[in-house]
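Trainee: I have the model open. Can we go through its folds and contacts together?

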Amino acid sequence: MTRVHRGARVLAELAVVALFALFMIPFAMVVLNSAKTAQGIIFDPLSWPTDWGRLPRNIGLIFSNSTVRYAGAFLDSALITFFSLVVIVLFSSMCAWALVRTRKAWATILFFVFVAAMVIPFQVLMFPLVRWMRILGDFLHVRLLQSIPGMVFAYLGFGCPLSIFIFHGFIKNIPYELEESATIDGCGQARTFFEIVFPLLQPIIITVLILNGIWIWNDYLLPLLMLGSSGAVQTIPIAVTAFAGAYLKQWDLILTSTLIAMLPVIVLYLFAQRYIIRGMIEGAIK
Amino acid sequence: MRRQSLVKVLFVLPCVFAFTMVILVPFFYGLFFSMTNWNGVSETTKFVGFLHFGKVFTQPAFIHAFLASAAYTAINVTLVNAAGFALALVVTGNLRFRNFYRAGFFAPYLIGGIVLGYIWQFLFNSAIPALGKALSIEALQVSFLSRADSVIWAMSFVNTWQYAGYIMLIFIAAIQAIPASLMEAAKVDGAGYFRRVFHILMPMMANAFTISLFLTLTTSFKQFDMNFTLTNGGPATRFLDQPVMASQLLAMDIFNTAKANRMAEAQAKAVVLFVALVAVSLAQVSINKKKEVEQ
Amino acid sequence: MRRCIATFLILSLGLAAAVMAAPAKPATITMFQLKVEIKDALDAYAAKYGAANPGVTVKVETLGGGADFAGALKAKIQAGQMPDIFVIEGAGQYNVFKDYIADLSDQPWVKDTDLAFKANGKVYGFPVAIEGYGLAYNADILKKAGVDPASLTTRAAYETAFAAIDAKKKDLGLDAVVSMAASVSGGMWWVAGQHNLAAYWGGGLKFDDTSVIQKALKGQLDDARFAQYAKYVQLLFKYADKNILLNGSYDNQVSSFAQGKTAFLHQGNWVDPNLKQLGVAFKIGYAPHAFLDVEQKGLYLFAPSWYCVNPKSPNAAAAKAFLAAMAGTAEGHDYMVNQAGMIPAFKSVKLQPKGQLSQALMAANAKGGNYGVFFGMLPDGAGQNVFGPIYDLFAQNPAKIDQFISDMKKAVAGLPSM
């Protein structure tokens with residue numbers, strides 16, 4: 001009995017390793033080819049790099065390129081992503097909680113509108129959006145186009161439906177008694193949310209952060225429309241396309257810059273995992 | 001009590017404002033443009049009513065794109081959710097290095113845009129045919145991307161590879177929210193692994209399935225990026241006796257229409273996509289919700 | 001409770017304040033272009049021009065990644081940020097953007113070029129460069145195979161030459177005779193549906209003879225001429241590397257030729273930088289796309305894009321002066337030829353570009369007898385959405401030449417209603 005079990009276990013683990021390898025092949029191709037010249041990549045993308053010293057040289061080429069401000073784009077991307085995530089998590093969780101705990105028609109309708117909006121294809125919105133952002137910006141005397149705050153505002157608008165949807169599903173399953181007792185204790189509504197509900201949301205907050213974070217970090221079309229391709233504010237995906245002409249694509253630089261752009265996300269993800277687990281343990285103690 | 005609702009209104013306000021400005025207003029703006037002769041540039045436009053809507057349904061290319069999108073969505077929703085659920089089970093089990101695997105399965109989601117297209121094009125067009133030649137397997141020697149009957153499957157495969165880790169995250173959160181004691185109790189009662197999964201785990205996470213199905217359904221139907229970088233709509237095939245693009249999905253058809261300076265027509269097609277998507281996702285959510293209630 | 005609301009308000013205000021901060025905009029010429037290949041050279045030239053002309057700053061924005069340039073330009077109009085100088089690629093785009101395009105007929109460079117963009121007898125576009133193509137060949141391989149490139153002036157000559165090379169494929173180390181991509185999936189529909197088809201529109205005719213395409217725009221195909229052309233396409237497809245033809249990318253296509261695995265390459269002089277990147281050392285030349293039964297010796301030359309000036313901008317005069325200097329000064333010529341590696345469309349330029357194919361084109365241009373390229377006159381999207389799939393299908397099964405002809409006939413008949 002136990003021997004059969006152990007055999008099955010080993011097989012299962014092998015299967016997982018094989019699956020893992022399948023998921024890693026394309027990823028490995030990015031790493032391997034980041035250590036080659038463009039010629040090497042085009043002629044033989046599968047081979048092992050002959051000289052790993054090429055990788056730091058490629059990285060150096062990217063950061064020292066005079067016309068592509070990669071370091072600046074990195075910073076702008078980081079700022080846009082960070083502030084977008086802060087407002088998305090904060091405002092979406094607040095909104096979702098208010099919608100769950102309001103048993104009135106307007107809350108139901110509003111939630112439905114948010115969900116329905118998720119099916120709107122971006123292509124319908126893009127040109128009217130840019131036109132409207134100009135009108136709105138002029139009206140409010142605020143610079144929405146070609147600015148970081150404008151991008152953050154747009155990402156809040158585009159990111160909140162999904163985030164509200166996810167928070168809504170999670171908050172529904174939090175027992176209302178917890179909040180009730182807090183209210184009886186004399187804690188205001190807002191304090192109830194920030195002190196009781198918000199900490200309980202930790203695991204799902206991390207999910208929301210990851211889902212939105214990667215989308216925003218990699219997004220190309222919205223920044224292109226709102227920021228332009230070489231304006232004062234730039235993002236990494238836009239900077240990377242500067243290495244790709246219609247005919248001549250500098251694959252060495254494209255792949256290396258993609259690799260650099262991926263690293264912080266992977267590190268953050270590995271780091272955040274600990275919190276997912278910790279959030280669960282704390283939840284269990286309470 | 002009134003104070004309470006004031007707080008709630010204040011809580012809702014920031015999202016509602018951003019959402020209205022960024023999505024709702026442009027959406028209705030776009031709806032208006034779909035009924036005009038707007039070309040994306042002109043300041044003055046003429047109202048033409050539903051002219052474009054009638055026109056798009058006479059185009060074999062658009063009808064094909066519609067059907068291809070439906071087929072792709074059906075395949076993709078099944079594959080991504082099955083794979084995402086299986087991965088979530090694997091990495092929540094008591095496995096060594098499970099955090100490592102978790103990061104690994106999620107990693108494909110980090111590769112986007114032109115790089116993704118480049119890598120998979122290479123794998124499909126060069127690596128797999130080379131493998132086919134080495135093993136003398138005829139079926140592998142012609143690229144899956146250049147066959148009209150397999151290209152949709154190839155796209156779904158790549159999409160599963162890319163998004164299964166994403167959907168996995170949602171399932172992980174749901175699985176971890178289920179008290180471990182429940183599964184333990186069932187195990188003590190002698191229920192086998194699959195029995196426990198199907199009869200305890202899955203019903204407990206019905207809500208997560210509603211979310212993930214909705215997400216995959218809408219993203220598949222709206223699929224653009226990967227379509228653009230991996231297949232670019234190709235290869236060509238014959239449909240209603242006209243050459244059309246075998247893997248050109250709706251969003252890409254809309255993009256190409258807009259690119260050809262037929263802006264208003266593209267807006268009209270986008271509205272059609274929107275209406276279809278609302279209908280399908282409403283059906284899905286209401287079926288799922290019913291299931292959730294039944295639990 | 002009150003404190004909670006106060007905290008919330010402060011938070012929102014802080015956000016609003018962050019949104020309020022807006023930088024000031026200096027008065028400069030803005031230029032928006034799509035050739036990533038010349039980005040560095042153009043940025044440097046713009047900086048140099050600014051230094052030589054106090055008070056003038058030229059800011060160049062380049063759209064990379066082969067992205068949808070006209071779409072990005074539309075977004076700029078919607079955003080109220082129309083650049084002073086921008087690019088159009090043909091009549092379709094001219095019609096869309098014409099409210100933003102100034103009449104340049106009075107500019108000094110107009111009489112120095114044959115390739116300015118014209119509409120209704122007026123000049124609206126500054127030709128960015130001359131580009132062109134024929135069938136590029138690897139001179140070393142042709143020599144070894146005993147084929148004289150000068151003999152390739154009729155379809156019959158090509159048939160013999162292709163068969164001869166094909167027979168010696170193994171000895172020559174070739175995968176196939178021709179490197180040509182035509183697939184929609186590889187993003188290469190334009191090689192066949194635009195550049196190759198241009199042979200039918202303009203091949204064998206006078207440089208500015210647009211009669212064939214004018215006829216097509218009215219919905220008619222010249223059956224006898226097209227039958228000869230279709231046979232030429234069939235011939236190319238028959239001897240093309242199948243993998244490259246059916247799903248190869250631009251890089252696949254060019255690298256096969258660069259590695260000496262194919263003898264011919266169906267591309268224009270824009271591959272010069274690619275061949276340099278891939279370390280090509282062998283000698284390359286151009287043979288004509290000779291599809292007719294009679295002899296054809298010319299190459300296909302055109303301006304693929306033009307700079308236009310936005311007349312609504314207060315900087316319009318400065319923008320015109322910037323373009324005039326590019327066409328008329330030694331610094332401008334140096335930038336176009338030596339820095340950007342382009343073939344300028346201006347006769348007064350005497351410099352020679354470095355690329356082998358560019359040099360071949362310049363020689364052909366000096367000799368004369370070349371053909372015009374007119375696909376820019378077609379409705380927008382015709383190449384990609386209509387002709388692209390037809391060539392893709394034909395490439396999948398080159399035996400079906402009748403189907404190809406009837407598909408094209410139907411497609412051309414539909415052109416007037418596009």
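**A buried helix and its surroundings**

Mentor: Start with helix α12 (residues 250-259) of chain B: nine of its ten residues are buried, so this helix is largely enclosed by the rest of the structure. Buried means 20 or more other C-beta atoms within 10 Å of the residue's own, exposed 12 or fewer, partly exposed in between, with C-beta atoms placed from the backbone. This is a predicted model, where local features need pLDDT of at least 70, side-chain atom pairs count only at pLDDT 80 or more, and totals for chains, interfaces and linings use all residues. Residues are numbered from 1 along each chain as its sequence is written, and chains are lettered from A and ligands numbered from 1 in the order in which they are written.

Trainee: Which residue just after α12(B) takes a positive phi?

Mentor: Look just past the helix end. The phi there is about 65°, and the residue is B:Asn261.

Trainee: How many helices and strands are there in chain C?

Mentor: Count DSSP runs: helices are H or I of at least four residues, strands E of at least two, numbered from the N terminus. For chain C that gives 18 helices and 13 strands.

Trainee: What is the radius of gyration of chain C?

Mentor: Take it over C-alpha atoms; the globule rule is 2.2 Å times the number of residues to the power 0.38. For 418 residues the rule gives 22 Å, and chain C comes close to that, so it is as compact as a globular protein of that length. The value for chain C is 24 Å.

Trainee: Which element gives the most to the side of chain C that touches chain B?

Mentor: Contact means C-beta atoms, placed from the backbone, within 7 Å. Here 30 residues come from chain C and 27 from chain B. Elements of chain C giving two or more residues include α1 (2-20), α3 (69-78) and α17 (382-396). With seven residues, the top contributor is α17(C).

Trainee: How do α10(A) and α7(B) run, roughly parallel or roughly antiparallel?

Mentor: Axes are lines fitted to C-alpha atoms, for helices over the stretch in contact, with angles from 0 to 180 degrees between N-to-C directions. The axes of α10 (residues 202-218) of chain A and α7 (residues 151-176) of chain B come within 10 Å and cross at roughly 175°. Angles under 35 degrees count as roughly parallel, over 145 as roughly antiparallel, 65 to 115 as roughly perpendicular and the rest as oblique. That makes α10(A) and α7(B) roughly antiparallel.

Note on methods: Contact = placed C-beta atoms within 7 Å.
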